[in-house]
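Here's a quick briefing on a fold, meant to be read with the model open beside you. Take a look at the sheets and helices first, then work through the notes.

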Amino acid sequence: MYVILRNEGPHKELRKVISAPFCIATCVPIFVELLVWSLVPRDDKAGVKYFVVSLSSYFVVQITKTITKFPSNQKKIFPFPTPQQINSDFVYLPNQTLYLIMSQKVLLNSKEVTIILHRLACQLIEKHLDFSDTILVGIQPRGVFLAERLKQILENEYQVPEISLGYLDITFFRDDFRRTDKPLEANKTQINFIVEDKKVIFIDDVLFTGRSIRSALTAIQSFGRPSEIELLVLIDRRFSRNLPIQPDYRGRQVDAINGEKVKVSWKENEGEDVVHLVTN
């Protein structure tokens, strides 16, 4: 059994991994068939061979199904060094069982994320100038990292003074709040200013169905009536919308099907700025 490790660039590294359960599932039926073939009389061999082959096939299928199950929350662990462990299709655990996991494709690396952040910052300056009447609102939880990074770029590199930044939690405003069995974990809302007659810019990492933004539009009304609301996202999944919501500023458009997931990682919490397209 082989594992293909996907590396950056044109090269692929092929490693051979021996899985004990898989070897047992493959070798034991062959051994049993040979043993029966040598002991059974010639006249009865045809029927016995059909029975053994059928049983062996069923045995192999069941064992293969068992060893390829992989818990969704299990981290990838490799006992051997690899150039890029995050881009592999398989994980080899210490218990000698080979598991199939989701593959990942890098959409944006750290350098590309930095370039996009500076472009978005320049677009905001072009529209809002000194930000005297503009407020940045990061949507909890993932939009907070993008909002903080943009605030740092605007203040430190473009000398925009004292930008107002708040965090908005939308957990209790979601339209599926009481429609799911999955427990929802609320985050903190931190808006220490009035948004009445202010220009509000919602900031989130990925725009998917648009339902989170709809919830944010309802939640922000508790702090006043903004004169204008805009939306800034790093990734726009344009073919996945459930509601008529579009971003005013976008970093990158991604055409992803429903079975794929866009995962944004930030160096503040995951050690690296990178965007992955995860495929089941």
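Which residue in S10 is the bridge partner of Ile235? It's Arg252. Before going further, note that this is a predicted model: local features need pLDDT of at least 70, side-chain atom pairs count only at pLDDT 80 or more, and totals for chains, interfaces and linings use all residues. Residues are numbered from 1 along each chain as its sequence is written, and side-chain values use heavy atoms, with hydrogens and water left out.

**The five-stranded sheet**

- Five strands make up an open sheet, running in the order S7-S6-S8-S9-S10 with parallel pairing; two strands pair if DSSP finds at least two bridges between them.
- The names come from DSSP runs, numbered from the N terminus: helices are H or I with at least four residues, and strands are E with at least two.
- At the edges sit strand S7 (164–168) and S10, each of which pairs on one side only.
- From one strand to the next, the twist averages 25 degrees; axes are lines fitted to C-alpha atoms, for helices over the stretch in contact, and angles run from 0 to 180 degrees between N-to-C directions.
- Five bridges link S9 and S10, which pair in the parallel sense.
- H3 packs on this sheet and touches strand S6 (134–139), strand S8 (199–207), S9 and S10, with its direction at about 140 degrees to that of S10; contact means heavy atoms within 4.5 Å.
- H4 packs on the sheet too, touching S6, S7, S8 and S9, and its direction makes about 125 degrees with that of S8.

**The three-stranded sheet**

- Another open sheet has three strands in the order S5-S12-S11, and here the pairing is antiparallel.
- Its edge strands are S5 (103–108) and S11 (260–265), each pairing on one side only.
- The twist here averages 30 degrees from one strand to the next.
- S5 pairs with strand S12 (residues 274–279) in the antiparallel sense, over five bridges.
- Opposite Lys105 you'll find Leu277 in S12.
- Lying across S5 and S12 is helix H3 (residues 110–128), which runs at about 40 degrees to S5.

**Where H3 meets H4**

- H3 and helix H4 (residues 143–156) pack at an angle of about 70 degrees, and their axes are 10 Å apart.
- That's why the two helices H3 and H4 are called roughly perpendicular to each other; the label covers 65 to 115 degrees, while under 35 is roughly parallel, over 145 roughly antiparallel and the rest oblique.
- On the H3 side, the contact residues are Leu117, His118, Leu120, Ala121, Leu124 and Ile125, and H4 brings Leu146, Arg149, Leu150, Ile153 and Leu154.

**Two buried residues**

- Asp236 is in strand S9.
- Asp236 counts as buried because its relative accessibility is 0%; buried means under 20% relative accessible area, exposed over 50%, and partly exposed in between (1.4 Å probe, protein chains only).
- Not counting residues up to four places away in sequence, Asp236 touches Leu207, Arg241, Pro247, Arg250, Arg252, Gln253 and Val254.
- Ser240 is in the loop between strand S9 (228–237) and strand S10 (249–254).
- Ser240 has 5% relative accessibility, so it counts as buried as well.
- Leaving aside neighbours within four places in sequence, Ser240 is in contact with Phe208, Thr209, Ala256 and Asn258.
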